[in-house]
Amino acid sequence: MMRRVLRKTFSGVGLRRNFSRGAAAAELENNNAVVPKMPPFDYTPPPYSGPSGDEILKKRSEFLSPSLFHFYKKPLNITDGKMQYLFDEEGRRYLDAFAGIATVCCGHCHPEVIDAIINQTKRLQHSTVVYLNHTIADFAEALASKMPGDLKVVFFTNSGTEANELAMMIARLYTGCNDIISLRNSYHGNAAGTMGATAQSNWKFNIIQAGVHHAQNPDPYRGIFGSDGEKYAKDVQEIIDYGTSGQVAGFISEAIQGVGGVVELAAGYLPAAYKSIKKAGGLCIADEVQSGFARIGSHFWGFESQDVMPDIVTMAKGIGNGIPLGAVITTPEIAEVLTRRSYFNTFGGNPVCTAGGLAVLKVIEKERLQENACVVGSYLKDRLKALQKKHEIIGDVRGRGLMLGVELVSDHQLKTPAKAEVSHVMDQMKEMGVLVGKGGFYGNVFRITPPLCFTKEDSDFFVDVMDLALSKL
């Protein structure tokens, strides 16, 4: 059994303007360790004259929800961003490998997206959909062009949670059934309905969550059937047979679980699960909030990697590069159910948001970001796989494109989660100029979801920094 004991952490954070390394990096350098050099980048942020991080933290503690959290021992005050880089109050540059939770797809402050938002704001900031405005129709048409089959009717929302809430309501209205099946380890949002579909106790409050069943998670690393997707899918049929009337409203799933630790569903799972759901009269909902918009590289949407055709697709995050925007796309027939009453969303389809969303789609195409996610993501994954051979604490490297996960375990046979080690390594990586996310039920998985403009040079720097941080455990 491998055991790991954390050494004494690096101390101090004496940062100076444009200083490219933190205190941890400086200490490593003093100990003759070769500190990786960040790739050059031709941008200098304007001087920051706002309140300090300590002042913001104090105000945040007094006036914002106590449920808010931050990743680092010393919270980071981010004041500027450009493409794949972020800058703190001292002007120090960081490589962003998290992208605001898989949200910034084109890059921070992409000029074409910013121009679209500014130009629309100058003309009309808000009107609601009771009036005509071309921005919402143009964006809906562009989104529909990216969807397969008859998926072409768009409902705009403000977030992924709203999108998933609406999708599940549509499924229930269309089928006349109430039962929804989702996967264990899934995350679909934090409103009442989506919290019911979410299947991690970390994200669920003790409120009434009726009519949702959670199927076995087809996790190739931790699941009981390994990579055999069809065996996991039998549980969906058993839930239908033993837990429902035999008819269901629908099935909702991510193709790659984001919050759950970048778990790519075992191959063959979704076709088999969809077959059972269709037989039971249900609709299949693809949650593309994190895996959509070219992030996985091989396809534009995550569900396409499993060769399935959903009835409803939900999206957010990458749809607007950071704009509060989400959407539900379905067929004309299914969409008709919302005409039974008045369905309305005050800000859904806001002209500023939809103008920005359309610009995002254009940038993805123009700059070939899907291709870049595939090429650079494959390169990065290969480098992480090589790192896995070097560091025994890495239990698994997984994902597609620029949606990757690295799981740390203190025992390979038992797959004991190394949660404390992940937090420690994240702090050290931050001090060396790299920001990365974490997730998974146990909090022991690095979530690597950078902007899609990430380069091979960025990948080398990222892996070299992680390598050095892991070597100091």
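Before you click anything: two strands count as paired if DSSP finds at least two bridges between them. The strands themselves are DSSP runs (E, at least two residues), numbered from the N terminus. What you have loaded is a predicted model, where local features need pLDDT of at least 70, side-chain atom pairs count only at pLDDT 80 or more, and totals for chains, interfaces and linings use all residues. Residues are numbered from 1 along each chain as its sequence is written, and side-chain values use heavy atoms, with hydrogens and water left out.

Stop 1: Select strand 1 and strand 2 together: they run antiparallel, joined by 4 bridges. Lys82 has Tyr85 of strand 2 as its bridge partner.

Move on to strand 2 (residues 85–88) and strand 3, another antiparallel pair, with 3 bridges. Phe87 sits opposite Arg93 in strand 3. The hairpin of these two strands has 4 residues between them, and there Gly91 takes a positive phi near 85°.

**Stop 2: strand 3.** Now select residues 93–96. Which residues cover each face? Arg93 and Leu95 are on one side, Tyr94 and Asp96 on the other, and all are buried (under 20% relative accessible area with a 1.4 Å probe, protein chains only). In a regular strand, side chains alternate between the two faces of the sheet. Strand 3 also pairs with strand 16 (residues 434–435), in the parallel sense over 2 bridges; look for Leu95 opposite Val434.

Stop 3: Asp287 stands opposite Thr314 in strand 11.

**Stop 4: between the domains.** Color domain 1 (53–99 + 369–471) and domain 2 (111–367): the second largest pocket lies between them, because both give residues to its lining. The domain bounds come from an automatic or database domain assignment. A pocket is an open set of points on a 1 Å grid over the protein atoms alone, where a 1.4 Å probe fits, with protein on both sides within 12 Å along at least five of seven lines; lining residues have an atom within 4 Å of a point. Its volume, about 390 Å³, is the space filled by probe spheres set on the points. To finish, select Asn185, Asn217, Asp219, Arg222 and Tyr442, the closest to the pocket centre of the 20 lining residues.

Notes:
Buried means under 20% relative accessible area, exposed over 50%, partly exposed in between (1.4 Å probe, protein chains only).
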